[in-house]
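Let's take a walk through this protein, starting with one piece and zooming out from there. Have the model in view and follow along.

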Amino acid sequence: MITDERPGENRPLVEVYSLKVVFPTDDGIVRAIDTMDLSIREGEKLGLIGESGCGKTVFGHAIMRLLEDTTKVTGNIVFRGKALYSLDRESMRRLRGKEIGMILQNPGASLNPVLTVGSQVSEVLVLHKGLKKRTAWDRVVGLLGRVRIPEPERRAGEYPHQFSGGMKERAVIAMGIASEPVMIIADEPTKGLDVTVKRKIVRLLKEVTVEKTMLIITHDLDVAEEVCDRIAVMYAGELVEIAPRGAMFERQLHPYVQGFFQSLPDRGLKPIPGMSPSLIHLPEGCRFHPRCNRATGRCRTEHPEMIDTGDGRCVRCFLYA
Amino acid sequence: MLEVKNLKKRFSSGIFFKSYLDAVDDVSFSIAKGETLGLVGESGSGKSTVGQCVIRLIEPTGGTIMFNGIDLRSLNGRALNRVRPSMQMIFQDPDSSLDPRMTIGQSIAEPFRLKKVARNEVKGEVLRLIEKVGLSPEHYNRYPHQMSGGQNQRAVLARVLAINPLFIVADEPTASLDVSVQAQILHLLMDLKREYGMTMLFISHDLAVIRHMCDRVAVMYRGKIVEQGPVSAVFESPAHPYTRLLLSRTEEAEQSVKQENGSGDAKGCRFRGRCSLARAVCETTEPAFREIGAGHTVACHMTVLPKAEITHE
């Protein structure tokens, strides 16, 4: 179990214990998350980084218990002292969206095209804050103003297709923060946005989540660097490295994380050979060994555990054993 | 090799009340043999429209396109079909560029069949290309849905090589791929381009990618090129405020300026609403291109100012 709780720091808000998520498919069993241990402290902004298919979105959904019924989840997630996977459906439903807000990826698809943007935001307020529809409207306008949608009174009555990509993202952020949750999960909040729009959305996200706990799931290192206090990297269904932001950007320990950083266009565009394994057929030993140029015999047969290297860093690699 | 002059593309919509959108307005550039020109801009800037106009996948509204001394716009269907094989396009989404009902081998073999290469030689050629792009012979009989996005993009590259074009337009070829795969594909593209001596128009919204891939770059903003020059010059001393904005890691000041859609009014500089340097002249006169260095041109009234004054923010 990795706890990086140290004196003087906030207590953990979310604790993940030996979480495993598997789902059966026609092609075989997908091990989407394999034995994940992680804690997120109160007020912390944690960035979960990884490439597509590494399980990072599944983790966001696992916290919200939004996974399909056929999914098998073992281990538990404790949020504010409540073990989420021991709660009954009704308590979970009350908690979801109210205590944990979610900003889903692809705002184009997460907004309902036949309802006005305002009514979708107001739904959150009616549901979780118990407001009457009429009183909720003023709050909706206020919220849209807070996420800097110009002319919020007018825009609240418009439909999603009348919004640009950046404006939709703002609306989705407004929905995520409407119930004043203690924690926000933002899944790829900047996907598909232009650079200049992206910068504005990132700043807005920072602004509206001050003092809140946030899990931000992204493959964009710029976003992570801008927003996060701590960064966790996933590869092939498991965490491979966790470090405070500064330390992570200064030096990456895990060979995959090093390769990932260096493959970015502004950090060298140096490719990692090979491709990510499918979560159905995972390699023996270390999951990265077939692509790793520092792999030894041990890496091929033995699966490395997370190693605490001090200073709040952990890495899953025998190089640091 | 390619010379584009005053290219225009106007899209119209509506039947009774026609509205127009000048997606590309008076764009001129040229690409020398073996050179890679990067076209960078945000979504809606018209960069993809330029790419498609250049090889006449869509009909331009005005301007001339000279390709190897041939005026492409004057060609009729049949003559165009004869030129087409020497120009190829690589699209964003590799999965939809391949026929889902054809195996990878069949897709790559198609150009050889069109070129009437003897049937018994085709398979060998296809396998040679499959290896060239970093796939293995086992992929020959696979279908696109059985492959990853990166592998499909490799197959697309193999098919392009089968045609052996002189000129390729690559429109965000890695936009749908993961970063570590993006690096692989871009390296492959660079190597192949060099080996086959191809000329390329490379379209991307990612400046860092452009910097790696291209010799020269043209920056587009709402249908116009605003700055053009060698990659080193544009990246080291960007002159247009928009280029500076794209290159800076800081964020532009939040302004209450409404970003008009389409081309807005024809007068003045299109960037003025977002520009911190905008003066009266920017409202009334469209800036002309001015040469500020070897092959480095910029369309901005304010670049005559001494450098210190035009730093953004």
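## A helix on the inside

In helix 4 of chain A, quite a few residues are tucked away: A:Val117, A:Gly118, A:Gln120, A:Val121, A:Ser122, A:Val124 and A:Leu125 are buried. Keep in mind that you're looking at a predicted model, not an experimental one. So what covers the buried residues of this helix? The cover includes helix 5 (133-146), helix 6 (152-155) and helix 7 (165-178), which belong to chain A too.

## Into the core

Now pick out A:Val121, one of the buried residues of helix 4. Leaving aside residues up to four places away in sequence, A:Val121 touches A:Val140, A:Leu143, A:Leu144, A:Ala171, A:Ala174, A:Met175 and A:Ala178.

Which residues of the largest nonpolar core touch the most other members? They are A:Val121 and A:Ala174, out of 172 residues in that core. Helix 7 of chain A gives the most to this core, with eight residues. Chain B takes part as well: its domain 1 (2-218) and domain 2 (238-310) both give residues to the core, so the core lies between these domains.

## Where the chains meet

Next, look at the place where chain A touches chain B. The contact takes 22 residues from chain A and 23 residues from chain B. On the chain A side, the elements that give two or more residues are helix 8 (195-208) and helix 11 (255-262). Helix 8 gives the most to that side, with five residues.

What is the chain A side made of? Its residues split into nine nonpolar, five polar and eight charged.

## Stepping back to chain A

Time to zoom out. Chain A has twelve helices and twelve strands. Its radius of gyration is 20 Å, close to the 20 Å that the globule rule gives for 321 residues, so chain A is as compact as a globular protein of that length. Along the principal axes, its C-alpha atoms fill a box of roughly 65 × 50 × 45 Å.

How much of the chain is buried? Of the 321 residues of chain A, 46% count as buried. And among contacts between residues at least 6 apart in the sequence of chain A, 64% join residues at least 24 apart.

How values were computed
Residues are numbered from 1 along each chain as its sequence is written. Chains are lettered from A and ligands numbered from 1 in the order in which they are written. This is a predicted model: local features need pLDDT of at least 70, side-chain atom pairs count only at pLDDT 80 or more; totals for chains, interfaces and linings use all residues. Two residues are in contact if their C-beta atoms, placed from the backbone, lie within 7 Å. Helices (H or I, at least four residues) and strands (E, at least two) are DSSP runs, numbered from the N terminus. Ala, Val, Leu, Ile, Met, Phe, Trp, Tyr, Cys and Pro count as nonpolar, Asp, Glu, Lys and Arg as charged, and the others, Gly among them, as polar. A residue is buried if 20 or more other C-beta atoms lie within 10 Å of its own, exposed if 12 or fewer, and partly exposed in between; C-beta atoms are placed from the backbone. A nonpolar core is a set of buried Ala, Val, Leu, Ile, Met, Phe, Trp, Tyr and Cys residues joined through C-beta atoms within 7 Å. Domain bounds come from an automatic or database domain assignment. The radius of gyration is taken over C-alpha atoms; the globule rule is 2.2 Å times the number of residues to the power 0.38.
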